[in-house]
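Hi everyone, thanks for coming. Let me put the structure up on the screen, and then we'll walk through a few spots together.

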Amino acid sequence: MKNALLIATACLLGLLSTTGASLPYPILPPLFVNGAPDSLTHFLGLPPKLLFAIALMVNPVGLLLGTAVLGSLSDRYGRRPLLLVTAAGAAVGHVLTAWALASRSYPLFLAARFGTGLLEGHSAIVRAMLADRLQGPLRNHALSWLNGALHLGWLFGPLLAGFTIAWGITVPFYIAAGALLLGAILVGVALERAPRAAGPSWWSVARERHAFNLLRHDGLRALFGVQLAYTCGVTAFYEFYPLWLVEVGHYDTRAIALVNVGMCGLMTCSALFAGRASRTEPMRRAAWLAACVALAIGSLGVGHLWVGLVGIMAFGLPHAFYNAVVQAWAADRFGAGHGQGAVMGLLSTTFCLANILMAAAGAVLTLVDTRLVLLAGAILTAWAANRMRTWGRPSVAGLPPAA
């Protein structure tokens, strides 16, 4: 019963955090591409596509900073207090985002999205909480179920936006804020208060034990490089397939949300079974899954609506299994020696860094053709698949053995 409550709490927090993070994805493309010129969509007279790309990038910048330190801070100060602060703070960030949209203030919108991202970087804490308290097959299943909850948030957030935006563009953000406050209450009830241990200050922990310090170790540095390439492809897909739908299919917010339901629904269902044991060596299995993801992303580069829609839907299946394989493998191999919070923080930080890099690349490439950033993402993911395929042969790949 205790483990069930722990897993349920972790999954709910994961669901709520990605719900809030994914809310703007179906809202922003129609707003900046088809919206009336005003101080939000034509700030300083800059091109709307450039403003759109910057708006996408600022939230991952906050996530990057948050995930780099929050996991390590929770190793030092405990999971419960960090989760309480970050959940409540992210709720405030959503309220400020709604205020920025209502007042048509682009600078306030950027500041609110940055602050929300900074505090929504608690997924590393949630993963570390499960990795700490569970062992063996149950831990693998729990991490997979958490991934399913995170994927479900990417489904529920755009769906919430699509079906509540008719009541006002700020309504989805107020709902997300209320849900996060409920999540904070659940954390307070479900997680036991742990005694505070003596040790260095939070600033010392943040400075000396952030996730990037793990890159001094060969195995984690190699994993970081491969994972960064893979997640660059994934984030290029996440960030720009809604814009692709607007340009190729002339989709509005609700239509984008419905496409997202199909993709994330398949991804969520897949994650429920992705934690099962397999006889295939983990990195070899991850390599094949990454290759399938690259093919799905690359299908959008064809520019044909129905081919792209098939690719969008198919993306969710291999991506869900890939996450389950890599996260469980990283927890088993590196968690005991480096701290589960720091290791999971490195994986989350890698995703955030990829968001920033591909949003920056998209700010330039989409001015020429949106398909270019999607094709670049597919190439990076395919490269990662090839590196993972040779992971177990250090003389060829330059990587440490996987087992």
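Let's start with H250, which you'll find in the loop between helix 10 and helix 11, residues 253-273. Please keep in mind that this is a predicted model. Is H250 buried or exposed? Its relative accessible area is 69%, so H250 counts as exposed. Look at its backbone too: phi of H250 is near 55 degrees, a positive value in a residue other than glycine.

Now hop over to L44, in the loop between helix 2 and helix 3. L44 is not a glycine either, and it has a positive phi of about 60 degrees. With a relative accessible area of 68%, L44 is exposed.

Next, the helices themselves. How do helix 2 and helix 10 pack? Helix 2 covers residues 24-34 and helix 10 covers residues 218-249; their axes are 9 Å apart, at an angle of about 50 degrees. That angle makes helix 2 oblique to helix 10. The crossing of helix 2 past helix 10 is right-handed.

Which residues meet there? From helix 2 we have Y25, P29, P30, V33 and N34, and from helix 10 come Y238, E239, P242, L243 and V246. Sort the residues of this contact by type and you get eight nonpolar, one polar and one charged.

Let's move on to the aromatic rings. The count of aromatic pairs comes to nine. One of them is F32 with F52, a tilted pair at 6.4 Å centre to centre, with 55 degrees between the planes. F32 sits in helix 2 and F52 in helix 3, residues 48-77, so this pair ties together parts that are 20 residues apart in sequence. Buried means under 20% relative accessible area. F32 has 2%, so it counts as buried, and F52 is buried as well, at 3%.

Now compare that with Y230 and Y322, a stacked pair: 3.8 Å centre to centre, 20 degrees between the planes. Y230 lies in helix 10 and Y322 in helix 13, residues 305-338, so the pair ties together parts that are 92 residues apart in sequence. Y230 is buried, with a relative accessible area of 0%, and Y322 is buried with 0% too.

One last stop: which residues do ring pairs link into a cluster? They are F32, F43, F52, Y106 and F240.

Key. Residues numbered from 1 in each chain as written. Predicted model: local features only at pLDDT ≥ 70, side-chain atom pairs only at ≥ 80, totals over all residues. Heavy atoms only, no water. Axes fitted to C-alpha atoms, helices over the stretch in contact; angles between N-to-C directions. Helix = DSSP H or I, 4+ residues; strand = E, 2+ residues; numbered from the N terminus. Parallel < 35°, antiparallel > 145°, perpendicular 65-115°, else oblique. Left-handed = near helix turned anticlockwise from the far one by under 90°. Contact = heavy atoms within 4.5 Å. Nonpolar A, V, L, I, M, F, W, Y, C, P; charged D, E, K, R; others polar. Phe/Tyr/Trp six-rings, centres within 6.5 Å; stacked < 30°, edge-to-face > 60°. Buried < 20%, exposed > 50% of the residue type's maximum accessible area, 1.4 Å probe, protein only.
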